[in-house]
Amino acid sequence: VLGDGAAAEDAVHAAFLALWERADRIGEHGRLDALVMTVVHRRAVDLARRRARSGHLEVVPLKSDGASQPDAAEGIPDEHAQEAFARVLDDHSTQTRLAAALARLPEEQRTVVELAYFEGLTHRAIAERLGLPGGTVKSRLRLGLGHLREALPARDNPVRGEGRA
Amino acid sequence: VNCEAVEELLAAYALDAVDDDERAEIEAHLATCDLHQEAADLLATAAGLAALSEEREPSEALEARMMTSVAEVSGGSVAVLRPERGRRGVTLRWPAAVAAAVVLAVAGFGAGALLTSGGGDEAAQVVQVVRNGEAWMRAEAMAGESPVKVTLAGLRRLPPSEGYQVWAIRDDSWVSVGICNTDDDGWWEGDFDFALDPGDALAVTVEPRDGSERPSGDTILRSSAWERPTE
């Protein structure tokens, strides 16, 4: 997302502090590794977008209070998500299953998922970069992530395989 | 926003591909909507993608930064037991390093925090960070083993007749760990031949150059004692 180690460490640092300060939001039955990675990703995306904004003369203004750090609780998934981490993610097979599923995705879906998650672009930025209508990008994201969800353990899986086109 | 609009954006939300305003609207809506379960599953799927990220070994400076920050927001001191694999010299890579390190950050919380791997195979690398304003000390050791690596920072260089004496507070007794003086930058780093116990609190006082048997000068830094949590 950030493309350099020092910035990534800033994101990790910010994420850990947020978790420390809001430890009361950490449930007993979740997956700590998934929780951490979610918060780290969110902080990384925030940093990347802030950097992009400052590099482009404030295309999008920062929050009115000028806060450089988000509220500690921001980006910490709620109890439903934390329970889903434990339900959906498997210690041993998650990486293999997801890697295979990502490789199997139609290229148009894989591209938008990768631009979103690994490059930290918003759906609007993806649409702009690829020259696609916004609705198409949202549909492809939904289809792509839905297929990835299908590849993970199906315990109580409420996500249907067919997203809306 | 209505359910249909939120559902359309749910995958983008899970992948952090929405802007701040959209995220706020979606989260407000999910709090009152059955879509929260689907959102949770998609968030979990996205979290799984992290395992596909490029691995990178964290710098040693990151740990020091995080421990210092945690000590700062926690009112002064933290101490850590970390799993055996986290011993220095063993390569820790993302995300394993993240998982290990966050254990340090979240497993213990409150006064006199002791943080453990939570596993049962924790060995016992102890890291204490104590901060008081600009003054700062970091001590690291394998529990019960010499030496203890100590870093002092933000402490003015004392005249030659004085030194900073580091103490371990054990069962209410102050035991000398060693004595040193900082450089012109207020910094000292070195090893003391001392076996730090997991339950030791640490303190720094100003003493005569050769050290004292009992603390007699100003206490510059002092951590709180901490205890192994009961199972």
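## Ground rules

This is a predicted model, so local features need pLDDT of at least 70 and side-chain atom pairs count only at pLDDT 80 or more, while totals for chains, interfaces and linings use all residues. Residues are numbered from 1 along each chain as its sequence is written, chains are lettered from A and ligands numbered from 1 in the order in which they are written, and side-chain values use heavy atoms, with hydrogens and water left out.

Helices here are DSSP runs of H or I with at least four residues, strands are E runs of at least two, and both are numbered from the N terminus.

On the α7(A) side, the contact (heavy atoms within 4.5 Å) is made by Lys138(A), Leu141(A), Arg142(A) and Leu145(A). From α1(B) come Glu7(B), Glu8(B), Leu9(B), Leu10(B), Ala11(B), Ala12(B) and Ala14(B). Sorted by class, that gives seven nonpolar, four charged and no polar residues. For those classes, Ala, Val, Leu, Ile, Met, Phe, Trp, Tyr, Cys and Pro are nonpolar, Asp, Glu, Lys and Arg are charged, and the others, Gly among them, are polar.

## Salt bridges

In chain A, Asp33(A) pairs with Arg31(A) at 2.8 Å, N to O. Arg31(A) is buried at 18% relative accessibility, whereas Asp33(A) is partly exposed at 29% (buried is under 20%, exposed over 50%, partly exposed in between, with a 1.4 Å probe and protein chains only).

Over in chain B, Arg138(B) and Glu140(B) bridge at 2.9 Å, N to O, and both are buried. Asp197(B) and Arg170(B) make another bridge, at 3.5 Å. That one ties together distant parts of the chain, 27 residues apart: Asp197(B) sits in the loop between β8 (188-192) and β9 (201-208), and Arg170(B) in strand β6 (residues 162-170). Asp197(B) is partly exposed at 28%, and Arg170(B) is partly exposed at 26%.

Finally, a network of salt bridges links Arg124(A) with Asp19(B) and Glu22(B).

Definitions and conventions:
A salt bridge is a side-chain nitrogen of Lys or Arg within 4 Å of a carboxyl oxygen of Asp or Glu.
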